[in-house]
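Visitor: Please walk me through this model, starting with the chain as a whole and then its parts.

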Amino acid sequence: MADDLMQKVISLCKRRGFVFPGSEIYGGLGGTWDYGPTGALLKKNLKDLWWKEMVQLRDDIVGVDAAILMNPTTWEASGHVKSFAEPLVECKICHERFSADKPDSIKEHEESHKGKKVEWTQPKQFNILVKTYLGVIEDQKKPVYLRGEITAGVHVNFKNVVDSTRIKIPFGIAQIGKAFRNEITPGNFTFRSREFEQMEVQFYIKPEESEGKKWFTYWKKNRMDWYLSIGMKKENLRFRDHEDNERAHYAKMATDIEYKAPWGWSEFMGIHHRGDWDLKRHSEYSGEDMSYKDQATNESFIPWDIETSAGVDRSLLFLLIDSYTEEKERIYLKLDPKIAPYKVAVFPLLGNKPELTKKARGIYEKLKPNFMTAWDDRGNIGKRYFAQDEIGTPYCVTIDYQSLEDETVTIRERDSKKQERITVADLIKKLKKLNDQN
Ligand code: GAP
C-alpha cells in the first residue's frame with residue numbers, strides 16, 4: 001500500500017512534469033533529479049514563501065547568497081573533513097559498497113546473490129564531501145569541495161554582515177542554496193539525493209543557557225507552524241529529539257521535524273543548537289576575530305547559533321505526498337493555493353471556435369501578468385479539468401458563448417469541483433485575494 005502510494009506519486013511527477021530522473025537520456029546519474037516545468041514552479045513558490053517569511057517580514061533576519069566553492073580550510077574548520085563520514089562495508093563477491101547503518105539494503109543485496117554466502121569487509125569510515133578540482137594547469141589543480149551543507153558560507157561572512165548592516169544580536173542570516181553529499185545509498189526518490197537544496201537560518205544569540213533554550217524552543221514552534229501554514233497535515237508531522245549519540249559533531253541540542261512518509265517517519269528539517277562551534281573554529285583556523293561587540297554593554301563574545309535547516313527537495317516531496325488525493329474518477333493535488341504551480345487555468349469551451357478562443361485568449365493575457373496562469377484548448381473540457389487537478393491548479397476558468405454576451409465566465413474550484421458564474425472583474429478580484437494571502 002505504502003509502496004503503491006510512492007509509485008503513484010513518482011509516476012505523477014514524471015507524467016505531469018514535476019520531477020525527472022537527472023540526465024535520463026544517458027541512463028541517469030544516481031542521486032540526481034531534474035525539476036520539470038511544474039516542479040520548478042512549485043519549488044520556486046516554496047522558496048519564495050520561505051524567503052518572504054524569514055527575510056522580508058522580519059526585522060531580525062537578513063539574507064545572503066554565498067559561493068558553493070569555498071577555500072578548503074573552511075571544511076577543516078567546520079569539522080566536515082574529519083567527521084562528515086559514514087561507516088561503509090563492501091561485498092566481497094561484487095565489491096559493491098553499502099552503508100553499514102542500513103541493514104535492509106545489506107539484506108536485500110545478500111538476497112540478490114541467490115544462495116551464495118555473502119561476506120562483508122569490516123566497516124570503514126567514508127567521507128561524504130564531494131571533491132572537485134580548480135585551476136587551469138592540469139597537474140597543479142587544487143582540490144576543493146562542493147559544500148556539504150550551505151551553513152559555512154554564512155558563518156564565514158558573520159563579520160561582513162555585522163559590519164555592513166545595522167543588525168544587532170539576537171539576529172539571523174538566511175540562505176537558500178545547493179549542497180552536495182556523496183551519499184552511499186541514495187534512494188526513496190528525491191529523499192536521499194547527492195545534489196539537493198537547503199533553506200537555512202543561522203540565528204546568533206548571546207552565549208547564555210537561558211537564551212539557548214528560549215530560542216531553540218521558539219524556532220521549533222516557528223518552523224512547525226510554518227509547515228502547517230503551507231498546508232501540511234498535522235497528523236503527518238512530528239518532532240523527534242536526537243539522542244546524545246546521534247547528534248552531528250557541531251550540535252549541543254538537535255530536534256528533527258519528521259514526516260510520516262510511506263516508508264516510515266523521516267526527517268526533512270532540523271533545528272540545531274550549534275553553540276559557538278562554528279564561529280570559534282573559523283576564528284581559530286582563519287586567525288580572524290569572530291567575536292561580536294555588544295554596543296550597549298561594551299561586552300565582546302562569540303555568539304551561539306541556533307540553526308534551522310530545511311531540505312527544499314524533501315519538503316517538496318512530502319508536500320506532494322501529503323496533497324496526493326484520489327477520488328473515484330480523478331486524481332488531484334490538494335495543494336494550498338499559495339504553493340500551487342499555477343493559480344488558475346483558462347480554457348475556451350471549444351478549442352476550434354475562433355470567437356471563443358479569441359475571447360479566452362484576451363482573459364488569459366489579462367491574468368498572466370498577475371498570476372501564474374495556464375492555457376489549454378485541447379480535447380474535451382473534462383479532460384482539461386482533470387489535467388489541472390493533477391498539478392493542483394486551484395481554479396479553472398471556462399469561456400463559453402454566454403461570455404461573449406455578458407462578460408461572465410464559469411469558475412470551477414479544484415477540491416469541491418463546484419462551478420459558479422462570475423464576471424471577469426470579479427474573477428480578477430477573487431484571484432487577487434488568493435495572491436494577497438501569499
Ligand atoms: N546545516 C545543517 C545540516 O545540513 P542536516 O540534518 O545534515 O543538517 C538538513 O541537513 C536538511 O537537509 C535535512 O533535514 C534534509 O531535509 C536535507 N538533506 C540532507 N541530506 C540530504 C540528502 N542526501 N538528500 C536530500 N536532502 C537532504
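Visitor: What percentage of the 438 residues in the protein chain is buried?
Guide: This is a predicted model, in which local features need pLDDT of at least 70, side-chain atom pairs count only at pLDDT 80 or more, and totals for chains, interfaces and linings use all residues. Residues are numbered from 1 along each chain as its sequence is written, and side-chain values use heavy atoms, with hydrogens and water left out. Buried means under 20% relative accessible area, exposed over 50% and partly exposed in between, with a 1.4 Å probe and protein chains only. Of the 438 residues in the protein chain, the buried share is 49%.

Visitor: How many helices and strands does the protein chain have?
Guide: Both are DSSP runs numbered from the N terminus: helices are H or I with at least four residues, strands E with at least two. The C-alpha trace spans about 75 × 70 × 50 Å along its principal axes. The secondary structure comes to 14 helices and 23 strands.

Visitor: At what angle do the axes of α2 and α8 cross, and what is that crossing called?
Guide: Axes are lines fitted to C-alpha atoms, for helices over the stretch in contact, and angles run from 0 to 180 degrees between N-to-C directions. The axes of α2 (residues 37-56) and α8 (residues 209-229) come within 12 Å and cross at roughly 140°.

Visitor: Which residues of α8 does α2 meet?
Guide: Contact means heavy atoms within 4.5 Å. From α2, the residues involved are Leu 46, Leu 49, Trp 50, Glu 53 and Met 54. In α8 they meet Trp 219, Asn 222, Arg 223 and Trp 226.

Visitor: What is the strand order in the open sheet of three strands?
Guide: Two strands pair if DSSP finds at least two bridges between them. Strand β4 (residues 85-90) is joined to β5 by three bridges, running antiparallel, and Val 89 has Phe 98 in β5 as its bridge partner. The edge strands, each pairing on one side only, are β5 (97-99) and β6 (124-127). Pairing in this sheet is antiparallel, and the order is β5-β4-β6.

Visitor: Which residue takes a positive phi in the hairpin of β22 and β23?
Guide: Strands β22 (residues 408-413) and β23 (residues 419-423) pair in the antiparallel sense over five bridges, and Thr 408 has Thr 423 as its bridge partner in β23. The hairpin has five residues between the strands. The positive phi, near 65°, belongs to Lys 417.
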